[in-house]
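I opened a new page for this chain and kept notes as I looked things up.

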Amino acid sequence: APNSGGDRGGAPRSRPAPMVRDGTMTASSRPVRVRIAPSPTGDPHVGTAYIALFNYVFAKQQGGKFILRIEDTDQSRARADSEQMIFDALRWVGLSWDEGPDVGGPFGPYRQSERKAIYAEHARLLIERGKAYRCFCTGERLAEVRAAKIAAKDSFLGYDRHCRAGERAESDARAAAGEAHVVRLIVPDGQVVVRDRLRGEVTFDLAQIDDQVLLKSDGMPTYHLANVVDDHLMEITHVIRAEEWISSTPKHVLLYQAFGWDEPAWHHMPLLRNNDKSKISKRKNPVSINYYRDAGILPHALLNFLGLMGWSFGDDREKFTLAEMVEAFTWDRISLGGPVFALDKLTWLNEKYIHELSNEELADALIAWRLRKDYLAQLVPLVRQRIKRLDDFVPATTYFFAGDLDYADVAAELAIPEVAPADVAKGLLGYVDRIEAREGWDHAGLEAEARAWCEALGWKAKHAFMLLRLVVTGRKASPPLFETMAVLGKELTRRRLRQAAELIGKRA
């Protein structure tokens, strides 16, 4: 496996990670090392910044290290532009890391795709110890087994352990002959206890836990194997992550036990919630860090806001700096009730920070936000033929500087002839899905997706494109539609599409 912790452009090299390392020290006896491990499969999520913040704060308070690791074993979904956006977004919000793919470090590589040989060696070790086995079942057989379980109303739909009883020598021979297989963990009978530092002991019945796949047939690890091996080899002492991973933690505990390694200290943070207490989602709230940047939220205001999610500074204080949070942080002030990601609260906090800026600082913030020369230079070609005097420029471009739009003047025209409002709303969300799945953001790609979208829905392009124009700009006339969307950016464009879809859907 490559042993460089640097980026592809030649950042500092790291020492090779050992292929197998047995550890005996407990989390409490070692210097604190924590990590975040986002997957580069889309836009940088506010949830990533939220969890990163608490990892960072704890590490800095304890004089430890904060590590960024990229979990890109799902190569079909991993995107290079997404990885760079993660780096950029976290740095914009005010967080930096001590080790990672772009800065190097002594435990690299820090991309899982570059550690494939390490995972294969650890899977082999588990097979030798009788803790894992090769499974040669085909996809067709697994589907048949699942269908039979469903028909029998079996409460456990997991793998039937068909290959678990096979002879080791036969398994070795079939693998040596090149027969496709996966590697599965042997899950014992009984129970497993997860000792969470925030939630106490949580007991899981192993009868309901599958013989999980550790290594896929293409040789790539599953999340579970890669996560545990990397955390151990990188000497992670505390795993601080969202509560949605609690259900995976018994599998991780079993892996630590199978390897004979000490577990890290587990801290599962409460999930961010929408106003209705559902898990925060892009359908109800913007979840990309880049949206808040583009909408004019100050980075330290967003970081402060995330610090209020599930944690209390004390004395009813809501406004504090990152340094002050590091100084005051304690785990006993974490509230496990789902924190509500309330945009009005974020706007209130942002206003406080803006009003504290000097005139010069505010001018600098505005220039850095949207009054940069490079941004204005993108607008000029779009409107130069539409203005007669310089003072025409501002009214001609207001929607390029706005966040959410007021559709009051065009609401009645947000429609497609002879299409029900509910279907128009659904159609707009379908276009959002298309542009989100597409890598890159340029006018040619946006137009190509729009034409394919119209064809799939049976909508005339002239009607659909006018709908998009009204949604994106709030106007019937504007510069070329897709060039406008390209300059406006993904975050604001899709936010307006979703808001318009919600408005239209209420007519149904």
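At what angle do helix α15 and helix α17 pack, and how far apart are their axes? The model is a predicted one. In it I found α15 (residues 421–437) and α17 (residues 461–473) packed at about 75°, with axes 12 Å apart. That makes α15 roughly perpendicular to α17, as angles of 65 to 115 degrees count as such. I noted the contact residues: V424, L428 and Y431 from α15, and L467, L468 and V471 from α17.

I stayed with α15 and looked at A437, which lies in this helix. A437 is exposed, at 66% relative accessible area.

Next I turned to salt bridges, and the count is 39. R494 and E436 form one of them, at 2.9 Å from N to O. R494 sits in helix α19 (residues 490–505) and E436 in helix α15, 58 residues apart. Both R494 and E436 are buried.

I then checked D230 and R69, whose closest N and O atoms are 3.6 Å apart in a salt bridge. D230 is in helix α6 (residues 223–233) and R69 in the loop between β2 and α2, so the pair ties together parts 161 residues apart in sequence. D230 is buried at 0% relative accessible area, and R69 is buried at 0% too.

Last, I looked at the surface. L366, I367 and L371 form a nonpolar patch there, with about 240 Å² of accessible area together. L366 belongs to helix α12 (residues 359–369) and is partly exposed, at 36%.

Note on methods
Residues are numbered from 1 along each chain as its sequence is written. This is a predicted model: local features need pLDDT of at least 70, side-chain atom pairs count only at pLDDT 80 or more; totals for chains, interfaces and linings use all residues. Side-chain values use heavy atoms; hydrogens and water are left out. Patches are made of residues with over 30% relative accessible area and no salt bridge: like charges are joined within 9 Å, nonpolar side chains (Val, Leu, Ile, Met, Phe, Trp, Tyr) within 5 Å. Accessible areas come from the Shrake-Rupley method with a 1.4 Å probe; for residues, only the protein chains shown count as cover. A salt bridge is a side-chain nitrogen of Lys or Arg within 4 Å of a carboxyl oxygen of Asp or Glu. Helices (H or I, at least four residues) and strands (E, at least two) are DSSP runs, numbered from the N terminus. Buried means under 20% relative accessible area, exposed over 50%, partly exposed in between (1.4 Å probe, protein chains only). Axes are lines fitted to C-alpha atoms, for helices over the stretch in contact, and angles run from 0 to 180 degrees between N-to-C directions. Angles under 35 degrees count as roughly parallel, over 145 as roughly antiparallel, 65 to 115 as roughly perpendicular and the rest as oblique. Contact means heavy atoms within 4.5 Å.
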